[in-house]
Amino acid sequence: MSARPGYSDEFKADAVALAASSGRSLPAVAADLGISLTALKRWIRLARDADLEGSGKPDDPVDPVKFKAMEARLRELERENDFLKKVSAFFAKEQR
């Protein structure tokens, strides 16, 4: 019985990305890469499971002080953006 070939994590990630983005069938992608269809399907499942695990609560809690500061900055930038839209509309109207 022959040993299974080992593939790097980077190769597996590239294979999964190719399968997702190429628009080709999984058997065709697996054949082009010289891997078994079963291996490709397993890598896709493992990548999907890893994505689901990573979508939970973040590891680092948000600092409330920084969060408040970011909210304040966001409001300030939104006000500036609204002002610039009004000024832009005014000057566009004046040039007609």
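**Reading the helices, rings and charges**

Tutor: Read along the sequence, this chain follows the pattern α-α-α-α. Its four helices come with zero strands; helices (H or I, at least four residues) and strands (E, at least two) are DSSP runs, numbered from the N terminus. The model is predicted, so local features need pLDDT of at least 70 and side-chain atom pairs count only at pLDDT 80 or more, while totals for chains, interfaces and linings use all residues. Residues are numbered from 1 along each chain as its sequence is written, and side-chain values use heavy atoms, with hydrogens and water left out.

Student: Thanks! Why is Trp-43 called buried?

Tutor: Buried means under 20% relative accessible area, exposed over 50%, and partly exposed in between (1.4 Å probe, protein chains only). Trp-43 has a relative accessible area of 6%, so Trp-43 is buried. Of the 96 residues of the chain, 10% count as buried.

Student: What makes up the largest nonpolar core?

Tutor: A nonpolar core is a set of buried Ala, Val, Leu, Ile, Met, Phe, Trp, Tyr and Cys residues joined through side-chain atoms within 4.5 Å. Here the largest one has ten residues, including Val-16, Ile-35, Leu-40, Trp-43 and Ile-44. Helix 1 (9-21), helix 2 (26-33) and helix 3 (37-54) are the elements that give two or more residues to this core. Helix 3 gives the most, with four residues.

Student: Which residues does Leu-40 touch, leaving aside its neighbours within four places in sequence?

Tutor: Leu-40 is in contact (heavy atoms within 4.5 Å) with Ala-15, Ala-19, Leu-26, Val-29, Ala-30 and Ile-35.

Student: On to the rings. What makes Tyr-7 and Phe-11 a stacked pair?

Tutor: Rings of Phe, Tyr and Trp (its six-membered ring) pair if their centres lie within 6.5 Å; planes under 30 degrees apart count as stacked, over 60 as edge-to-face and the rest as tilted. Tyr-7 and Phe-11 are 5.1 Å centre to centre with 15° between the planes, and that makes the pair stacked. Both residues are partly exposed: Tyr-7 has a relative accessible area of 28% and Phe-11 one of 27%.

Student: Why is the pair of Phe-11 and Trp-43 edge-to-face?

Tutor: The ring centres of Phe-11 and Trp-43 are 6.0 Å apart and the planes stand at 85°, so this pair is edge-to-face. The pair links distant parts of the chain, with Phe-11 in helix 1 and Trp-43 in helix 3, 32 residues apart.

Student: What makes Glu-76 and Arg-73 a salt bridge?

Tutor: The closest N and O atoms of Glu-76 and Arg-73 are 3.3 Å apart, and this pair qualifies too. Both residues lie in helix 4, three residues apart, about one turn of the helix. Glu-76, at 32%, is partly exposed, and Arg-73, at 42% relative accessibility, also counts as partly exposed.

Student: Last one: why does Met-70 count as exposed?

Tutor: Met-70 has 53% relative accessibility, so Met-70 counts as exposed. Met-70 lies in helix 4 (residues 64-94).

Conventions. A salt bridge is a side-chain nitrogen of Lys or Arg within 4 Å of a carboxyl oxygen of Asp or Glu.
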